[in-house]
Amino acid sequence: MPRFSVIVPAYQVQAYLPECLESVLGQDWTDFELIAVDDGSPDGCGELIRDAARRDDRVRPVHLPANTGLGPARNAGIARARGDYLLFLDGDDTLTPGALSAVAARLAATASPDVLVYDYARTSWSGTATRNQYAHLLAQRGPEVFRLADRPGLLRLLMVVWNKVYRRDFVQRQRLTFPPGYYEDTPWTFPALATAESLAVLDRVCVHYRQRRRGSILRTTGRGHFDIFDQYDRVFAFLDSRPELARWRPLMARRMTDHLTAVYAAPGRLPRDSRAEFFRRAAAHCRRYRCPAPARVPGGPPPRLGVRVRHGLVRLGWHRPFRLLAGVQRLRRAVGRPARGLLRQGRRAALGLHYRLQRGLPLRADHAVFAAHWHREYAGDPAAIEAKLRELRPQMRTAWVAAPGYEDTVPPGVRWLRPGTAAYWTALARSKYLVNNVNFDARLIKRPGQVVLQTHRGTPLKHMGLDLQERPAAARDTDFARLLRGVDNWDYSLSANRHATLTWERVYPAGYTTLEYGRPRNDRFQHATAQDVLRIRAELGIPPSATAILYAPTHRDYRRFRQPALDPRRLLRELGPGFVVLVRPHFSSLEGPPYAADVPWGPSGDGVIDVSGHPCVEDLCLASDALVTDYSSLMFDYVNLDRPVVVLTDDWEAYRATRGTYFDLLRNPPGPVARSEDELIEIFASPAWRGTRSAALRATFRSLFCPYDDGHAAERVVRRVFLGDEGAPPEAVPLDERRPAPPPERARRLAVPQPVPGPTTAHASHVALDSPDRLETDRT
């Protein structure tokens, strides 16, 4: 008996069905049966299902002699199901990678509940994906297993069948079946949620819900939409049969009214000559079920005035006033957009005038403004420099620019500036020092006497700056003229090593002074103690005896969505107990609406710890025993800890072709190289990941790219830029004077509970950086 029965009805979806079936058959969890129901489809769906069954014996084809509709087709699948759990998927939708593994793990962690609710993302015909707006309702809080009365807010979710998995014996016990007609999900979903003795949630996108441009049943015009009245008759008949569920009537009445008005207002659904009839039937339904004023959905805000008015008009059956109100609301929306645009333009003009006036006032020599990563959290080299500046010059007044949501990361004593406000423009106009690892606002006009320090974002492996002119997939809509105008504002450019210096000066040509001082944020690695490491691990929930692997992939310019090459849960299954994986996606991958539609690791649990929202990557490095990355610049920093690095390069050729790289990482890696997930698992299953060869590669890489990371980089920057000490004591170590490996006592001080072998005596005897495109090493 399989764990899952995945039921896929198919009718006139031949263009999408192969992708749907493959999304199931390609899952890493294999204990399932796929029941594909050909609902008398006149196109090629039947043949596609037969072909899939011939190729894979997990496919159980069902061919109905005539079209019965989505509900009866699902019933036909249920009748043939043998799995512990039923999972429904429409023929034009897809499962996300690793979805079944995540569902199975969550079921095991919650003692096999009757119903498990997971999330979905809408995928438009143009390829964009948007996570469900009520995804926050799936966050785990309170008991892991509960009843609907404990978390009634779940009723705010879309009433569909395919965002849940159901115990088959529960479905049989409650005699749940799908009715015929449109909107067949409604009389199934509520009874299932209301009668379940145990519910659980999974905060992970498991389904891509395709929004087809044309051909969707619910977007076609016809009288089939009148089926919605029969479906709600079934819902209230179910409520009447269960006196203990009477408390849900007001809420279901509101849901019904909302649903009926949404169908009425949706363009193209109802035939023009039937709209008045639909409204009359809607009013009759509200009177029949005694719909009161709209009830407040538990866990949600109270109904807005417009909602209350609409519901009142429907209950009264006032069709013309309802249409008038709908027209007024459409006009308001149409007029509101231009009006809001005019307000934005007016505000922008007012702020521009304010900025211009502020530029006429004297500079404040004791004011400095810092920012990083396009106004994200307090982090990176700017944060390390800001902290050192307050230490060496306490009278300096510093401010940090951060978007709303990141203000909590700004430490006490540092002023928070919200981008785009009058205070923000005042600070840019009157502060003497401006520090960032990206360019400031393009409207910034640098004043005489202002000092701009550009710290960059690590040692470059991928092409940057003007080199992207030849890489359209990576450059996209980059305005290079605007980029160079920002570069012309720089007074200082911070460099971590000679390779970075030669690269920055070529791809960002301007008259700035290069400070080849190392990376200030890496100072923390030289000063952290064993107590710091243990404290961070405890805060992250890493067991004291566990080996922690930090997985930090970078983003891909040639991909629209995140598709990490490593499934951390599979890695943990192969390695066995004693390991945890910290997952840290690149921040560029987190821009836009936050959702993880194609990220296979899902929420934290089962040894996987999601640290994507952790504000300090340095802490994550200190807490881990090894780093797994691909092309992230984090590798150049991590080697300072002298802990193993494993590089996963499954798409090296594609990445190098689209983004471009400055040297061949496969020839000059900081540790063992895996070309696939299987190879990476083999590396960690053997001593290779922390053996002698790994230490030798790491030592060579460190000598090439970390010659100045001695714990004083931030101090050198502060003394040179803010204090005017030309000598910048303590002096930086020249590139040709290789810093030796950390002494044994320091290695012991930074050791975590699972220490890794120290470096060997291997070192780089010769380095040639003849051009930014070539890096040659002769190793001894």
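User: How many salt bridges does a search of the whole structure find?

Analyst: Here is the general idea: side chains of opposite charge can pair when their charged atoms come close. In this predicted model, the search turns up 44 salt bridges.

User: Could you walk me through one? Which residue forms a salt bridge with Asp-637?

Analyst: Arg-521 does, with N and O 2.7 Å apart. Asp-637 sits in helix H21, while Arg-521 is in the loop between strand S16 and helix H17, so the two are 116 residues apart and the pair links distant parts of the chain.

User: Is Asp-637 buried or exposed?

Analyst: Buried counts as under 20% relative accessible area. Asp-637 has 2% and is therefore buried; Arg-521, at 13%, is buried too.

User: Where do Glu-715 and Arg-719 lie?

Analyst: Both are in helix H25, 4 residues apart, which is about one turn of the helix. Glu-715 is buried at 15%, whereas Arg-719 is partly exposed at 21%.

User: Now for helices. How do I read a packed pair?

Analyst: Two packed helices are described by the angle between their axes and the distance between the axes. For H6 and H7, the angle is about 25° and the axes are 8 Å apart.

Definitions and conventions:
Residues numbered from 1 in each chain as written. Predicted model: local features only at pLDDT ≥ 70, side-chain atom pairs only at ≥ 80, totals over all residues. Heavy atoms only, no water. Axes fitted to C-alpha atoms, helices over the stretch in contact; angles between N-to-C directions. Salt bridge = Lys/Arg side-chain N within 4 Å of Asp/Glu carboxyl O. Buried < 20%, exposed > 50% of the residue type's maximum accessible area, 1.4 Å probe, protein only.
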